[in-house]
Amino acid sequence: MSSELLEISDVQVEFNVAGGAIRALDGVTLQVNPGETLAVVGESGCGKTTLARAVLGLQSLSGGSITLTGEKIHGTPRRMAERVGMVWQDPYASLNPKWKVGRSVMEPMRLVGKSGDAGKIFEEVGLDPRFVDRYPHQLSGGQRQRVAIGRALALKPPLVICDEPTAALDLSIRAQILNLLKDVQKANGCSFLYISHDLTTVRFLADRVAVMYMGRVVEEGPTEEIFTNPRHPYTAALLESAPSLEKLMHLPEPPVGEVPDPKTRFVGCRFASRCPHAQDLCLNTDPGRTTEAARAYFCHFPVKSS
Ligand SMILES: Nc1ncnc2c1ncn2[C@@H]1O[C@H](COP(=O)(O)OP(=O)(O)OP(=O)(O)O)[C@@H](O)[C@H]1O
Ligand SMILES: [Mg+2]
């Protein structure tokens, strides 16, 4: 019996599209430990949201398995609600505009036949309990995201997934929401799977980071090690392209080079076409997993350890 809370093993997800199939997840293996925050980073289209949907049981797998507290994740919505909370990028789209927000926050409770106090949940996420009678359009973006976080935490699930939770918010509100996430984690002891483009927020929040590229994790490890001593050239390129503090509103520029068609079936390293260190071996041989203490990467010619 493993001690991991979430165990993602060799997961494959395929989408059939015109002209072939996209392997949105192509052998993803990851673990999340109790009480930790694992950040998943990578450029647009690398499979982050597909991974979140797979963990929620919303996405059927074409291979591999996902277990949460030792149980396979597929289950009824009711059973899943008790096990995973979800915070989406856009709180306006994820809250029913016709419902008072107090009702939205209580929806997971209703699903499992429990009752509770919406006002108390509002207080836990820093909202005035009188706001329970408001509609989403009567709240600010930051307040709506607090409602969404309250809803995700209502049943005190052991895992909360956040998919770009601050991307739709003003810069001035982002720090407040990140602090709230830290506080609720301390209070509830839950784990976070935190998906983001924004490397600054990842460094602030995450204990560990997994870097994804074209459907696969290419490097993972403790946050500071990943930021100060990346081993995979893609991680290094991502960090180099990260915006400076003054330009935080912009997404990082992806590394230069040709991005492969997402329908590509890779034989060698999927980053080879864009990698400054690529050699013939990279094009025709899949780099296996190399582990070094608490970190792992998939690369034949890793960046020298500093
Ligand atoms: N329902 C779908 N049908 C077909 N292709 C899909 C579907 N959902 C996702 N994809 C494709 O799967 C790949 C991964 O998409 P996904 O949304 O998981 O990426 P992402 O990392 O979340 O991107 P972003 O940072 O833009 O949110 C992309 O190539 C995308 O076009
Ligand atoms: Mg996404």
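Predicted model: local features only at pLDDT ≥ 70, side-chain atom pairs only at ≥ 80, totals over all residues.
On its own, ligand 1 has 640 Å² of accessible area, of which the protein covers 63%.

## Shell around the ligand

Strand S1 (6–17), strand S2 (20–32) and helix H1 (48–55) each give two or more residues to the shell around ligand 1. H1 gives the most, with three residues. Among the surrounding residues are Phe15, Val17, Ile22, Ala24, Thr49, Thr50 and His197. By class, the shell has five nonpolar, six polar and one charged residues.

## The pocket that holds the ligand

Ligand 1 takes the space of the second largest pocket, whose volume is about 320 Å³. This pocket has 24 lining residues, and nearest its centre are Ser44, Gly45, Cys46, Gly47 and Met214. S2 supplies the largest share of the lining, four residues. The lining comprises nine nonpolar, eight polar and seven charged residues.

## The largest pocket

The largest pocket has a volume of about 620 Å³. It is lined by 26 residues, with Ala81, Val84, Met86, Pro108 and Leu111 closest to its centre. Helix H2 (77–83), strand S6 (84–87), helix H4 (101–111) and helix H6 (141–153) each give two or more residues to this lining; H4 gives the most, with four. Its lining has 16 nonpolar, eight polar and two charged residues.

Key: Residues numbered from 1 in each chain as written. Chains lettered and ligands numbered in written order. Heavy atoms only, no water. Near = heavy atom within 4 Å. Areas by Shrake-Rupley, 256 points an atom, 1.4 Å probe, with all protein chains shown as cover. 1 Å grid on protein atoms, 1.4 Å probe; cavity = no way out; pocket = protein on both sides within 12 Å on 5 of 7 lines; lining within 4 Å. Sits in = over half its atoms within 2 Å of the grid points. Nonpolar A, V, L, I, M, F, W, Y, C, P; charged D, E, K, R; others polar. Points joined across faces, edges and corners; volume = space filled by probe spheres on them.
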